[in-house]
Amino acid sequence: MVAVKVGLGRLPFYVHKNLLCDHSPYFTAALKGSFKEGAGSMELKEDDVEAFERLIQWLYKRDIVISPIGNAPTTANRYRELIELYILADKFDIPRLRNYVMTLLFETIKSPDGAFRQGNTSDSEFCPRMSAVLLVYENTVKDSLIRKFMAAFVVWHFALRTYEDKLFWTRTAKFPELIKDVTVNLARRADNHSDPLGDISQFLEPIPNDKLAES
């Protein structure tokens, strides 16, 4: 076992070392590198405790506990929780977890009848808020699939009045890559391209020889 101390409070999580290393090259380097041989603990001061707890849940159970799709506040929490978990999966390079989170995001943006939620309908309170979009662009890198997901949702499913709101452009001005991605998607939509969210495979990473998925 290894003690992973998370957050400023250094809350310890006791995790099987091989479980961490089997899924993440980050942990392999930190815990099994020549200079870390036999390491029994490590610190992750900058990471969120709740997000790391969900990561551990997924490692052991292939499932996580998150806020339900109930009302606007709980659904907003659900998006935040999923995005924060995806950010950790990015940091620790766990593609299987990224795919898992992406699948849950797709489930969340769909209404009970299977249609995508729309920002100009009564479903708007269940759509990702702009704060969720900015959280993604603040903490991920160019060409990240979750950026691709968010940019597509903004263009195909936000209310059209969004683009008439000066506050939208003021908030996005700090993120030129977001403006670029939105602009590209707007051009594709104007050119009658289909909604990219119609094909979830575009947002999932191929994982060849995925023996861990069977464990």
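In the predicted model described here, alanine 3 stands opposite serine 41 of strand β3, where strands are DSSP runs of E of at least two residues, helices are runs of H or I of at least four residues, and both are numbered from the N terminus. Further along the two strands, valine 4 stands opposite methionine 42, and lysine 5 stands opposite glutamate 43. Strand β1 (residues 2-6) and β3 run parallel and are joined by four bridges, two strands being taken as paired if DSSP finds at least two bridges between them. On its other pairing, β1 meets β2 in the antiparallel sense over five bridges, and here lysine 5 stands opposite proline 12. Strands of a sheet pair through backbone hydrogen bonds, either parallel or antiparallel.

The three strands form an open sheet in the order β2-β1-β3, with mixed pairing. The edge strands, each of which pairs on one side only, are β2 (11-15) and β3 (41-44), and the twist from one strand to the next averages 25°, with axes fitted as lines to C-alpha atoms, for helices over the stretch in contact, and angles running from 0 to 180 degrees between N-to-C directions. Helix α3 (residues 49-61) packs on this sheet and touches β1, β2 and β3, its direction making about 10° with that of β2; contact here means heavy atoms within 4.5 Å. Strand β1 is mostly covered, four of its five residues being buried, a class that requires under 20% relative accessible area, whereas exposed means over 50% and partly exposed the range in between (1.4 Å probe, protein chains only). Strand β3 has a covered face, made up of Met42 and Leu44, and an uncovered face, made up of Ser41 and Glu43.

In the hairpin of β1 and β2, which has four residues between the strands, glycine 7 takes a positive phi near 80°. The loop between β1 and β2 also holds arginine 10, with a phi near 55°, a positive value in a residue other than glycine. Most residues other than glycine have a negative phi, and most peptide bonds are trans. Arginine 10 counts as partly exposed because its relative accessibility is 36%. Aspartate 143, in the loop between α6 and α7 (145-157), likewise has a positive phi, near 75°, but aspartate 143 counts as exposed, at 68% relative accessibility.

Tyrosine 137 is placed in helix α6 (residues 130-139) and, with a relative accessibility of 5%, counts as buried. Residues up to four places away in sequence being left out, tyrosine 137 touches Arg147, Ala151, Phe175, Glu177, Leu178 and Asp181.

The C-alpha trace spans about 55 × 35 × 30 Å along its principal axes. Buried residues make up 48% of the 215 residues, and, of the contacts with a separation of 6 or more, 65% are between residues 24 or more positions apart.

The mean pLDDT of the chain, the predictor's confidence in each residue from 0 to 100, is 90, with 93% of residues reaching 70 or more. Confidence is lowest in helix α8 (residues 166-172), at a mean of 82, and highest in α3, at 98. In this predicted model, local features need pLDDT of at least 70 and side-chain atom pairs count only at pLDDT 80 or more, whereas totals for chains, interfaces and linings use all residues. Residues are numbered from 1 along each chain as its sequence is written, and side-chain values use heavy atoms, with hydrogens and water left out.
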